[in-house]
Amino acid sequence: MPVFPRRDDKNPRQATRPAPAELLLPDESRRLDQAAAEAGVSLERLMAAAGRAVARAAMRRWRPRPVVVLAGPGNNGGDGWVAARLLEEAGWPVAVAAFGMPPENSVAAEAAGRWRGVRVPFSPEAVGRAGLVIDALFGAGLSRDLPAEAEAVLRAIRAPILAVDVPSGLDGATGQVRGFAPEAAVTVALERARPGHVLLPGRDLCGALEVVELGFPPGLIEALRVRCWRNGPALWRLPVPGAAMHKHSRGHVVVAAGATMPGAARLAAAGARRAGAGLVTVAATTQGAAFLLRGVAEAGDIIADPPAEALVGGKGKVWVLGPGMVPDDRARDLLAKVMEAGDRLVVDAGGLTLCAGAPERLRGASIITPHGGEFGRVFGPLGDLAQTDKPEAARQAASLTGAVVVLKGSDTVVAAPDGRVAINSNAPPTLATAGSGDVLSGICGAMLGQGLEPFEAAAAAVWLHGAAAPTGAGVVAEDVAAGIPRAFAQWTETYA
Ligand SMILES: NC(=O)C1=CN([C@@H]2O[C@H](COP(=O)(O)OP(=O)(O)OC[C@H]3O[C@@H](n4cnc5c(N)ncnc54)[C@H](OP(=O)(O)O)[C@@H]3O)[C@@H](O)[C@H]2O)[C@@H](O)CC1
Ligand SMILES: [K+]
């Protein structure tokens, strides 16, 4: 059995272990407001807290300067009216440009009613001379594209932007832009971040993200039973070798590979070994492949000549099927046999090609690791959905196949068949290099082999992969594999 670091509440270093970073969907946010109201915490109080947090963020980051607050017709605008008043009370020159007024008797209307300062027409000229613009037009739950008039004003801004909740136009659920959204210097997220703050292109538009607590009563967030998180060490624990362990207790990863791209198999094997697999076998699926695989193997890899089928079954076995694998009949048979035997299985690259347009063939896999193109080829229409709502597409694919889906990209989404989703954000751009995905599938195999359940294995692997990648020029996939021990060390030092 793997040994996990023991949680010791008396150990002060444990204090650095973060709480799971829930990402709230607009609907959950609405339920939260309702629950708060039922618990006696009024929207007025929450809005006051939100406006105060925005004003404080401005004062912390900038010296007093002419501020224009763009206030929309809803509660996002309400936060803006509150922030305007507090900044003015602090001596800042503030003007408000309102895009429509909140409905009469609403909490936002009350906030607007307390504004006694300068008002300017909502126009591109209004923002021309601002030293800071507070964007309080629309929040994360925007229901349709940004109106053209709002777009024209946002496009005219030359000053830094402090966005309330989200840069207006950004869809908080998906990270997509509805028509247009400006690029903020700072975004103040309320109580919890949203998926759209972490998914691309949203993440790139938010600037520095500040998540501020508004004072919701304890227990309300937990009661929402949120199913989406920012990927990080709060969601899983990495296996670390204990003194009593030997190689056979750390999983046996078999990478099935063909002759055309032996380097891919080698990288998957390196990822698996560096991530702690006790034993790695690279099994050739075609005649002659073993010869080539030997040529690229590292000293610790075991090379098996065909038939790879002979390795199917057995305790602790995990297959990585795909990197460097030729998607021929033989590979198809192997996939079916592995499934039948009930071995744990990571499917990538050539393995996914075998399932193009036939996602049902993946039923029985533990983890699949498609990039956007492979995802579209396997899941057809879900590929289009992935363009606009990556978490939802991955979630549906997971439910269809019963496998954990790792939908790769700079904002890799990990989705489980039970609806859990982790959105990753630690991947440096250097990971966009040939072979980097092969290393990831190997790490996934190693995590499964060491006893993590598939969702945790996949999320931990994706994080480790990101943490292992060096930054700067000249990085190749081999460097990512070589960086895995350093990523483990970073995790152990900070979170174990
Ligand atoms: N829970 C929290 O964390 C707290 C959240 N708080 C704040 O509440 C904000 C969410 O408030 P919200 O629901 O009122 O949404 P928001 O975006 O301000 O306005 C919606 C209005 O805009 C309108 N509208 C929409 N699209 C449009 C378009 N294209 N063109 C024109 N109009 C459009 C829409 O019209 P409708 O679609 O109904 O016709 C509706 O009238 C959130 O961002 C945060 O800042 C805090 O105050 C307290 C605690
Ligand atoms: K906004």
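User: Is Asn76 buried or exposed in this model?

Analyst: Count the C-beta atoms around the residue. A residue is buried if 20 or more other C-beta atoms lie within 10 Å of its own. This is a predicted model. Here Asn76 has 27 other C-beta atoms within 10 Å, so Asn76 is buried.

User: Where is Asn76 placed, and which residues is Asn76 in contact with?

Analyst: Asn76 is in helix α3, residues 75-89. Set aside its neighbours within four places in sequence. Then Asn76 is in contact with Ala136, Leu137, Phe138, Gly139, Val164 and Asp165.

User: Where does UniProt place the feature "binding site"?

Analyst: The unreviewed UniProt entry puts that feature at Asn76, Asp135 and Ser168. These positions spread over 93 residues of sequence, yet they cluster in space. Their largest C-alpha distance is 9.5 Å.

User: What about Ser168: buried or exposed?

Analyst: Use the count again. Ser168 has 30 C-beta neighbours inside 10 Å, so Ser168 counts as buried. Ser168 sits in the loop between β5 (161-164) and β6 (186-190). Not counting residues up to four places away in sequence, Ser168 touches Asp135, Leu137, Phe138, Leu146, Ala150, Leu154 and Ala181.

User: How do helices α18 and α20 pack?

Analyst: Two packed helices are described by the angle between their axes and the distance between the axes. For α18 (residues 454-468) and α20 (residues 484-495), the angle is about 110° and the axes are 8 Å apart. That angle makes α18 roughly perpendicular to α20.

User: Which residues make the contact?

Analyst: From α18 come Leu464, Ala467 and Ala468. From α20 come Ile484, Arg486, Ala487 and Gln490. The contact residues divide into five nonpolar, one polar and one charged.

Technical notes
Residues numbered from 1 in each chain as written. Chains lettered and ligands numbered in written order. Predicted model: local features only at pLDDT ≥ 70, side-chain atom pairs only at ≥ 80, totals over all residues. Axes fitted to C-alpha atoms, helices over the stretch in contact; angles between N-to-C directions. Helix = DSSP H or I, 4+ residues; strand = E, 2+ residues; numbered from the N terminus. Parallel < 35°, antiparallel > 145°, perpendicular 65-115°, else oblique. Contact = placed C-beta atoms within 7 Å. Nonpolar A, V, L, I, M, F, W, Y, C, P; charged D, E, K, R; others polar. UniProt positions renumbered as here; feature names shortened; annotations may be inferred. Buried ≥ 20, exposed ≤ 12 C-beta atoms within 10 Å, placed from the backbone.
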